[in-house]
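Please keep the sequence and the structure in view while reading.

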Amino acid sequence: MDTPVEKRNPYLAEDTPELATFPYVNGGLFSDEDIEIPPFTDEIRELLLNKASTGFDWSEISPIIFGAVFESTLNPETRRSGGMHHTSMEDFIDYTALVVGTLGYKVFEPSDPKASPIDSSNPLLYMEYKGYKATGQRTAEGFVVFKGSMLNPETTKSCPRNVLRTREKYKDKISSTYELLVDVPMSSPSAAAGLVGGAALNGNALWHDADGVSLNQEEG
């Protein structure tokens with residue numbers, strides 16, 4: 001992979017077409033001929049993809065985590081030049097709402113939090129993260145976190161930007177003990193979970209009904 005295509009063995013494509021398809025990587029990563037690259041056999045593939053993760057529910061892992069891992073494997077210059085930035089679903093919805101709103105359409109505009117009574121057609125949902133408990137409910141616009149819910153005062157580096165913006169927007173409606181004093185509309189269960197936990201969280205796994213059934217389990 002450290003050999004330019006024009007300098008490769010002319011018979012490589014005939015002898016090992018799989019290797020010939022690999023592009024040239026300019027960086028010296030594969031220039032050390034003494035590096036022993038272990039064979040990636042079907043047995044290893046089966047072990048990694050199936051046996052090692054048997055019974056593990058990957059839906060419990062927020063996609064934001066995988067996005068952050070992907071970004072961390074790239075150097076900043078490569079990331080910027082290729083536009084390789086992970087955008088969470090919540091941020092994507094926020095950007096879409098901004099563009100659509102600029103065009104005069106208010107389809108993403110959340111309802112007035114003062115006018116968000118409990119909807120009897122949707123069950124109340126509960127979550128707890130690091131001891132902070134919250135109550136919420138799905139709405140036509142996405143989700144609402146009810147007043148009286150307790151927020152984690154700390155936020156992580158992976159906390160979605162839309163959650164940070166919402167916390168800033170409602171900072172006057174959050175008590176000194178981090179209790180919500182009003183209902184707060186959010187775009188999705190994960191955004192609502194992030195508001196409560198101050199981190200990138202999988203809301204479908206954390207929000208559950210009074211019987212302990214999560215949204216994931218309900219939809220599965």
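How many helices and how many strands are there in the protein? This predicted model contains ten helices and four strands. Along the sequence, these elements follow the pattern α-α-α-α-α-α-β-β-β-α-β-α-α-α. The points below begin with the protein as a whole and then turn to particular parts.

**Overall burial and contacts**

- The protein has 220 residues, of which 28% count as buried.
- When contacts between residues at least 6 apart in sequence are considered, 53% of them join residues at least 24 apart.

**The largest nonpolar core**

- The largest nonpolar core consists of 23 residues.
- The residues with the most contacts inside this core are Met127, Val145, Leu180, Met186, Leu195, Val196 and Trp207.
- At least two core residues come from each of strand S1 (125-129), strand S3 (142-145), strand S4 (184-186) and helix H8.
- Helix H8 gives the most to this core, with five residues.

- Is helix H8 largely enclosed or exposed? Nine of its nine residues are buried, so helix H8 is largely enclosed by the rest of the structure.
- These buried residues are Pro189, Ser190, Ala191, Ala192, Ala193, Gly194, Leu195, Val196 and Gly197.
- Gly198 follows helix H8 and has a positive phi, near 70°.

**The packing of H7 and H8**

- Two packed helices are described by the angle between their axes and by the distance between those axes.
- The axes of helix H7 (residues 161-169) and helix H8 (residues 189-197) come within 9 Å and cross at roughly 60°.
- Because of this angle, H7 is oblique to H8.
- The crossing of H7 and H8 is right-handed.
- On the H7 side, the contact is made by Asn162, Val163, Thr166 and Arg167. On the H8 side, the contact is made by Ala191, Gly194, Leu195, Val196 and Gly197.
- Sorted by class, the contact of H7 with H8 has four nonpolar, four polar and one charged residues.

**Leu180 and Lys147**

- Leu180 is among the residues with the most contacts inside the largest nonpolar core.
- Leaving aside neighbours within four places in sequence, Leu180 is in contact with Val145, Phe146, Lys147, Gly148, Ser149, Leu151, Lys173, Ile174 and Leu195.
- One of these partners, Lys147, lies in the loop between S3 and H7.
- Is Lys147 buried or exposed? Lys147 counts as exposed, because its relative accessibility is 56% and the cut-off for exposed is over 50%.
- With neighbours within four places in sequence left aside, Lys147 is in contact with Leu180, Leu181, Val182 and Asp183.
- The C-alpha atoms of Lys147 and Glu179 are separated by 7.5 Å, although these residues are 32 residues apart along the chain.

- Which value does phi take at Lys130? Phi of Lys130 is near 55°, a positive value in a residue other than glycine.
- Lys130 lies in the loop between S1 and strand S2 (132-139), and this residue is exposed, with a relative accessible area of 61%.
- Tyr178, also a residue other than glycine, has a positive phi, near 65°.
- Tyr178 lies in the loop between H7 and S4, and this residue is partly exposed, with a relative accessible area of 31%.

Key. Residues numbered from 1 in each chain as written. Predicted model: local features only at pLDDT ≥ 70, side-chain atom pairs only at ≥ 80, totals over all residues. Heavy atoms only, no water. Axes fitted to C-alpha atoms, helices over the stretch in contact; angles between N-to-C directions. Parallel < 35°, antiparallel > 145°, perpendicular 65-115°, else oblique. Left-handed = near helix turned anticlockwise from the far one by under 90°. Contact = heavy atoms within 4.5 Å. Nonpolar A, V, L, I, M, F, W, Y, C, P; charged D, E, K, R; others polar. Core = buried A, V, L, I, M, F, W, Y, C linked by side-chain atoms within 4.5 Å. Buried < 20%, exposed > 50% of the residue type's maximum accessible area, 1.4 Å probe, protein only.
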